[in-house]
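Please look at the sequence and the structure first.

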Amino acid sequence: LPQFSLKIITKRRKDRIDRALPDVLDLLIVCMEAGLSLQATINRVADEVRPISMDLHNELTLLNAELRTGITREAALKNMGERTGVQNVNSLVGMMVQSDKMGTSISQALRVHSAFLRTQRAQKAEEQAAKLPVKIMFPMLLFIFPAVFVVVLGPAVIHIMQSGIFKNMAGG
């Protein structure tokens, strides 16, 4: 039971982080393009993201604390990816580490990654919408169709019973 409940709590946390990540990336992009350094950007976004996602706020605060203690940027980002266990955060970390090593613009890479995450979210929504007709078929067969038959055929059956057609057939 404890492992099962821990698994559910972990899955919910991962889902919350995954849902809030594109918005956090947008805030990172805005701050980086405004001229803030990466550490100042992480600090600012951690403060701004608190109402949106407490989980990401905690992770960004821990990331900022690790950077202040002297851990390399690469190690601190990888630690964040391991702590969250979210695939999209791990790919973000890999992209940021690679951008840092190659000397390319992190804000442009964040913009591309944010667009990718939004596309991925839309595809998941379309996939769930495609599964909906199959999931709704059984409740319709069990609950809705019998009610429709009663409403549609009920008056006809009452009319037949009152007119005596069955009495004539049985007696004749």
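The protein chain has seven helices and zero strands, where helices (H or I, at least four residues) and strands (E, at least two) are DSSP runs numbered from the N terminus. With a radius of gyration of 29 Å, well over the 16 Å that the globule rule gives for 172 residues, the chain is more spread out than a compact globule; this radius is taken over C-alpha atoms, and the rule is 2.2 Å times the number of residues to the power 0.38. Along the principal axes, the C-alpha atoms fill a box of roughly 100 × 40 × 25 Å.

The model is predicted, so that local features need pLDDT of at least 70 and side-chain atom pairs count only at pLDDT 80 or more, while totals for chains, interfaces and linings use all residues. Residues are numbered from 1 along each chain as its sequence is written, and side-chain values use heavy atoms, with hydrogens and water left out.

H1 and H3 pack at an angle of about 75°, with their axes 8 Å apart; axes are lines fitted to C-alpha atoms, for helices over the stretch in contact, and angles run from 0 to 180 degrees between N-to-C directions. That angle makes H1 roughly perpendicular to H3, a term that covers 65 to 115 degrees. The contact (heavy atoms within 4.5 Å) includes Arg13, Ile17 and Val24 of H1 and Asp55 and Leu60 of H3.

Two kinds of space are considered on a 1 Å grid over the protein atoms alone: a cavity is a set of points where a 1.4 Å probe fits but cannot get out, and a pocket is an open set with protein on both sides within 12 Å along at least five of seven lines, lining residues having an atom within 4 Å of a point. Grid points are joined across faces, edges and corners, and a volume is the space filled by probe spheres set on the points.

| Space | Volume | Lining residues |
|---|---|---|
| Largest cavity | about 100 Å³ | 14 residues |
| Largest pocket | about 430 Å³ | 16 residues |

Nearest the centre of the largest cavity lie Val24, Leu28, Leu60, Met80 and Leu92, and H1 gives the largest share of its lining, four residues. Asp15, Asp18, Arg19, Asn88 and Lys124 lie nearest the centre of the largest pocket, to whose lining H1, H5 and helix H6 (106-163) each give two or more residues.

Terms used. Parallel < 35°, antiparallel > 145°, perpendicular 65-115°, else oblique.
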